[in-house]
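Subject: Structure handover

Hello,

Here is the structure you asked for.

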Amino acid sequence: MTAVQFEPRLRPVGSYHLDEAVSTLAWSRTGRALAAGSYGGEVVMATGDGTRAERRPGAVVALGWSGRAGVLAAAYEGGAVLTWPLGGSPRTTSVEATADDLAWGPDGTLAVATSAGVVLLDRGGEVADRWPAAPGVATVVCWAGDRTRPVLLVGGIEGVVELEVPFVGAPGRTWTMAAVTALAADGAPGTVVAGTLGGDLEVVERGGPGAVTGRRVARGPVSVVACCSSPAPPQVAVVADGWLRCWRLGPPGSVPDGPRRLAGHDDWVVAAAFSPRGNLLASTGLDGNLVLWSPAATAEPLEIRKVGAELGPVAWGPQGASVAVGGPDGRVSVLSCERLLAGAGPG
């Protein structure tokens with residue numbers, strides 16, 4: 001492993017190791033804890049008091065924290081879902097099918113996408129509801145709407161369907177898009193971004209009970225690995241075919257401005273995420289670099305730092321002042337961005 005070097009504006013503030021390659025990362029909403037999952041089934045919760053670890057069979061495919069309750073959820077490829085309160089004891093629930101993704105709803109409901117459909121878990125970790133679907137339909141999930149009217153978006157082979165919770169009757173609107181591989185929403189009723197296996201990107205304004213307004217951008221031919229959006233300024237970034245690209249979103253119904261290719265990695269781009277404030281974008285690659293961008297201002301990178309031999313998932317702290325990255329060697333590194341946010345120069 002090459003020596004770790006950091007740009008002065010990116011200051012290392014901590015690290016820990018998992019037994020196997022890091023598959024996913026998630027910060028708690030308050031920033032008190034950082035969780036990491038591995039392909040070997042290990043989940044590590046790191047706080048100021050140290051680290052705690054749990055292990056279940058199968059790779060950890062997704063992590064997510066609830067809001068005020070501070071509960072970590074981990075979905076395992078084998079069908080187990082771990083719910084772990086901060087400072088409490090973990091609990092395991094079986095969803096009886098291969099799990100692919102999870103997302104916490106605004107009311108504390110946990111949605112888990114599985115090969116058999118969607119499973120809802122209540123705040124106690126019990127199965128509360130199921131939406132059965134053909135295998136492969138429920139691949140990714142995210143929430144839109146607000147606490148008074150949450151809507152669950154489910155992506156898979158048939159496209160994206162909207163489900164009202166609790167599940168009642170037939171699904172709501174269906175977007176005619178094949179093989180959805182990535183979803184991102186800006187929270188309130190508004191912009192939803194979906195990427196496909198074929199490489200298309202669709203930007204949709206939901207805007208209430210009326211018809212969905214969609215804007216499709218041809219991307220092909222390689223599948224979209226990840227997409228993320230920022231409401232302020234409105235923009236979307238996509239990782240596909242090893243490249244990172246960004247669009248600026250205009251008013252509803254307008255054509256997105258882009259794509260702009262963000263070139264700063266020397267090898268395949270693996271992951272990307274906008275900061276909570278939306279002003280910064282972080283990306284990681286097989287070159288071992290963490291790259292920070294301000295895509296609303298320029299396509300040039302702000303910082304490029306070698307963190308390891310290779311890098312995988314990336315996650316921002318809730319205040320946008322720190323960023324965590326994980327690698328195939330099991331190392332999780334946390335870097336402070338405060339000097340960068342303050343506009344400090346090198347040295």
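The protein has a mean pLDDT of 85, and 87% of its residues reach 70 or more. Where pLDDT is low, the predicted coordinates should not be read in detail.

Next, the sheet. Four strands make up an open sheet, and their order across it is 1-32-31-30. The pairing is antiparallel. Strands of a sheet pair through backbone hydrogen bonds, either parallel or antiparallel. At the edges are strand 1 (11–17) and strand 30 (314–316), each of which pairs on one side only. From one strand to the next, the twist averages 20 degrees.

Within this sheet, strand 31 (residues 322–326) and strand 32 (residues 331–336) run antiparallel and are joined by five bridges.

Last, the cysteines. How many disulfides does the structure hold? The count is zero. Cys227, for example, is in no disulfide: the nearest cysteine sulfur belongs to Cys228 and is 7.3 Å away, whereas a disulfide needs the two sulfur atoms within 2.5 Å. Is Cys227 buried or exposed? Cys227 counts as buried because its relative accessibility is 12%, and the cut-off for buried is under 20%. Cys337 is also buried, with a relative accessible area of 0%.

Regards

Terms used. Residues are numbered from 1 along each chain as its sequence is written. This is a predicted model: local features need pLDDT of at least 70, side-chain atom pairs count only at pLDDT 80 or more; totals for chains, interfaces and linings use all residues. Side-chain values use heavy atoms; hydrogens and water are left out. Two strands pair if DSSP finds at least two bridges between them. Helices (H or I, at least four residues) and strands (E, at least two) are DSSP runs, numbered from the N terminus. Axes are lines fitted to C-alpha atoms, for helices over the stretch in contact, and angles run from 0 to 180 degrees between N-to-C directions. Buried means under 20% relative accessible area, exposed over 50%, partly exposed in between (1.4 Å probe, protein chains only). pLDDT is the predictor's confidence in each residue, from 0 to 100.
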